[in-house]
Amino acid sequence: VLAGVHSITLQDTNNTNMLDLATQYYLHEENIGKNRAEGSLEKLRALNDYVKVHVSTKPLSECTNEYFQQFTCIVATECTLDEMKRINELCRINNIIFIMADIYGVFSRCFVDCGNQPFIVFDKDGEQSKEVFINHISPEGVVTVAGDERHPFQDNDIVLFRELIGLENLNKCERTVKDLNIHQFSIGNISSLGGEYKRGGIAREVKQQIQINFKSLNEQIINPRILTIDGSDYWTKNITGEIPQLIYVHVIMLAISEFKQLYQRLPEPIEINEESDQIKLTNLAKKYLNELISKDHSINEDRFNQLIKYLLYSAKGSFAPLCSAMGGFVGQQVLTSITGKFTPIQQWLYLDAYELIKEIPFEEEYNLIKSITPDRYQSLRLCIGDTLVQCLAKQRLFMVGCGAIGCELLKLFALLGVGRNGQITITDHDHIEKSNLNRQFLFHKQHLNQPKSTIAAESAHDMNKELKIKSYTLKVGVGTSDICSDKFISDQTIIVNALDNIEARRYMDSRCVTNKKPLIESGTMGPKGHTFVVVPFKSESYSNQNDPIDKDVPYCNVKSFPANIEHCTIWAREKFESTFHMKPSLYNSIMSQANIWNRISNGETIDDLPKIYKFMKRKCTNWNECVNLAREKFDKYFSHKARDLLHKFPADMVDDKGIPYWKLPKRAPTPIDFDINNDLHYNFVLSCAKIFAIIYAIPVTNEQTNNVEKNKNIISETKIEPWQPRNKVIITDPTVAKPTQSKHEGDISTDEWKFAQERTKDYKASPIPFEKDDDFQIDFIAAATNLRAQMYGLEAGDRYEIKRIAGRIVPAIGTTTSTVSGLIIIELVKLCLSQLKELPLEIYRNFYINIALPFLIASEPLACTVQKIGKFDVNIWSSFEIKGNPNMTLEGFIQEVEKKYDIKPVLISEGVKSVYAPWMPKASSQLKRKMDELLPHKANVTYSDLVVLPDDNDMDVQTDGNSEATPPPIRYYFNS
C-alpha cells in the first residue's frame, strides 16, 4: 500500500481469534469473532489515498479461473498444498506472478514463481550507473582511469563512452569490459576506429537487462532451489554431501501443509487414536525427503527429529519478528516481480529462529501454557514459552530514533508486549515531514510537523493498551547527559539504536560499553540493511567496526569546479541557505541589538555588519522588484561567475608541459546568456522571486505569479550591470576548506549606511530554513542545479534526485526496514533469554542483507579481543576503579594505580584535557595537588573516567600483535 500499487484485494474467510493479536497489528480485542480482512480494511486504506483496497470473504474453492485472471500478482498464505498447486498452475497459464509465504512458529518460508515465460529484470541491483574519468586509451583498447581511484567495472560489463578528444568515433559507442587491474580495463582493439587518444573522456556503465526462468511449485517441491543465508548462494539437489538444515525445514513445512489438508488443523504434541501428530508429521516429511535426496546425500537423523519436535510444538503459533522479516522480504518480491526492478528470488527462502528455540525447554513450557487462559500473547507463548514472554514484559528498554526502523520496532514491541510490566523510553528530536509518510507507517497526514517520538508512542500504545511508554524529544550525543546519564542507562535492561548517523550510533555504543548494557543496532540504505548485536562481556562493540566515512566534497569542486550533478546540487542548496536564511537571520540578529543605528553612526565596530549591507540595500518593496533582483541573480550565478573563472583561467590555458588546465574532471564553464523564452531560465527567475517575496514580507497573489506575459515584461525591463573583471581569489586546491570571512571586511560609507537604513526602516526579515518537502524551495534548487550543470556541460539532473541530494535524504524502502527490524528483534528476544540463562555468543546473529539482488548473510558476532596487561586479562568491557577521597592527591592516585593494577602512569588525561605528564611544566608540584582540584566537577557528579597511559617498558603486555595495548579507562570516584 505504501509503495502505491493500483489496487489490492485482501481475501480471507477466517474470523479474528486471540492468536491473531500477536502478529496482526491492525486487529484488536474488539475484532475477535469478526473477519480479519474486514477488520484491517480501513487502517490499510488510511495509509495511501491513491491505492484501492478491497476485501473478499469468498472461499478459494468457490473462486473461478476468471476471478483469478483479474490480478497481476497473487500472494498465497495459510493455504493447503493442493490449493497452492492449483493457484500456481493457473498463474503460469495466465502469466500471473505467484508468491507463496507461510510461518509456523519460528520457521517461515517464501516461494516465488514469475511465470513460464522468461522474466526480464530491467535493473538487477538498483545501483546508480558507475562512471570513471579516463586518463588514456591505447590503440589496443587498454583504458587507464584518471587519478588514484579504482575503476568499478567487472568482466562483461558494458560501458558507453563520451567526451573523448582524439577518439571521437568511440563516443556514444558501447563496449564490453575485461578487467585487467584496479586502474585499467580492456575494451578490445580499437585501431580500426581511427584517431588517437588526446585527452578527456568518460566511461559510464550501461545497465543490462537479464532474463530469468522459473519453474512451477510442483517441480520445485522435489527439486528446490533455495537461497541460503550463509553466503553460499543457492542450494540445489546437485550439491552432494550432508543435507543442510534448510532442507529439513523445507520438507517438514511441506508436511505441515499436507497435514493441514488431511486433518483440517495444524499439528500439536498430542495423541489421537493412539497415533501422535509427531508420527504423522514425521512420516509425511520423510516422504518428501526421500523424493528429494539421492545416494550422494547424507541425513542427520538427530537434527531432523529435533526440527520435527520444534515445529510440532510451535506450529500453531506465529513469531511476530519473523512475520516482519519474511513479510518485508515477500513485500519486496511482489514489487520486484511487478516492475522488473531488482532481481527476484529463485525460488525459495527459509528464515527461522532456530538458535533461539533450541535454548528453550519446550516440553516444560508447553505444559505451563496449557494452564494459562489464552490472551493476546498466546501465539507468542507457543513460539517461545511463557517464561520468556514474562521476561519480555519486564524489560526496561531505551530506544533512540523514531524514524522508519523505529516505527517498525515499536510495532513489534507492542505485539510482543515488551515493557508492559517495565518501561519503554523513546527519544527523537525530529518532527514528522511529508516524505516520512511513505515508509513510516505510524504517521499519517494529520501528524505532519508533530514530534515523531510523541506520535510514535501514541500509535504504539493504540496497538497495545498494556504498553508502558514514555517519549522525549531530546537529541542524543556528547553533552546530552540528562537523557543518557549513567543513572538512566544503568537502569535500562536493553538499549536499541534506530539512528541514521554514525556519530550518534558511536555515542550510544560508548554509553552501553561504559555501563555494561546490551545494544541492538540496525540500519538501512535503500535495499541494503544490517543488524548488529552487542553482548556485554562477550562481543565486540559497534565502535570496533570500520564504518565507511562519508567523504566531504572538496570546497573547490562545489565553488568552481563541479564534476557531477551532486556538486551542482550542493552549490544550489548552499546558495539557497546563504541568500534566504543566513543573511536574513544575520540581519535580524544585528538589527535587534539596542541602539544599533546610533552605534553605527558613531563609528562603532559591529561584528558581521558589512555582510548584511547588500541585503539591506537590495530590500524589495514589491513583486516587480523581487523579479528584477531574481533576474540579476541569474546573471551573477550563471554568466558572471563563468566569466570570472575564464578570466583567471582561459579556456585554452596550458601548463609548462603543454597539458591543458581544463582537463577532466575540470570542465571549463560557458557563460549562459539569459533567454526569456527558455523555460528553465524563466523558472529560475520566477522561483527565486517568489522566495524573495517571502523573506521581504511582500504579499503576492497567484494572479501575479501566474501572469507569464507580465512577468516576462518585468524581466525584460531589468537593468543588468555588465560583467567586469574582479580580483577575487579562486581556490583550486581540493584539500583547502571553505575560508571563513572576516567579521569586519568591507568599507561602507556613512551615506551608504544612511540609504540602507531608510530602505529597511522598521523592517524585520522572514528567514526561510531549508525544507526538502517545500515545493517552492525545490523549484529554486532544481532550476539552479540544472543551470549550473548546463554552464559546465554536465547532464541535467532529475528533480527527485536533486531533492534527495539537497535534502540529504537517506534512501529508505519500507520492505527493507520491515525485514531488518524483524531480524534484529529476534536478537532482542535472545538478549532477554540471556537474562534467564547463560547463552554462548554463537547463538546470536548479525545480518547483512540486500533485497535487490537478493541475498541475506548471517554471521556470528565477533568475540571481543582480549589482551593481557600485567596480571589482568583486559577487553573493551573491562573496567578499572580507584576509590578516592577529598584528600587524595595526584601522587596518591598514581601510587594506588601502581599498587592495584601494576601500571606506572606516564600520562593521565580526562577527555581532551591533560591532567599529568612528567614533561609538563611544574609536573612535580602537580603531584601534590588534590584530585578534586585537578578534576573540577559538579556536586552531583560522583566519578570521572581517566585515560591512563602506562610506561610500556615497565609493564608486562601480551597482545595478538595487531593491536596496541591500552588499559581500560580508570574510573576515579571522588568521595567513596
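**Salt bridges across the chain**

A: Glutamate 127 and lysine 528 meet through their side chains in a salt bridge, 2.8 Å from N to O. A salt bridge here is a side-chain nitrogen of Lys or Arg within 4 Å of a carboxyl oxygen of Asp or Glu. The pair links distant parts of the chain, 401 residues apart: glutamate 127 sits in the loop between β6 and β7, lysine 528 in strand β27 (residues 528–534). Strands (E, at least two residues) and helices (H or I, at least four) are DSSP runs, numbered from the N terminus.

This is a predicted model: local features need pLDDT of at least 70, side-chain atom pairs count only at pLDDT 80 or more, and totals for chains, interfaces and linings use all residues. Residues are numbered from 1 along each chain as its sequence is written, and side-chain values use heavy atoms, leaving out hydrogens and water.

Glutamate 127 is partly exposed, at 30% relative accessible area. Lysine 528 is partly exposed too, at 25%. Buried means under 20%, exposed over 50%, partly exposed in between (1.4 Å probe, protein chains only).

Next comes lysine 341. Its salt bridge is with aspartate 123, and the closest N and O atoms are 3.2 Å apart. Lysine 341 lies in the loop between α8 (320–339) and β21 (348–352), and aspartate 123 in the loop between β6 (119–121) and β7 (131–137), so the pair ties together parts 218 residues apart in sequence. Lysine 341 is partly exposed, at 39%. Aspartate 123 is buried, at 13%.

The whole structure holds 53 salt bridges.
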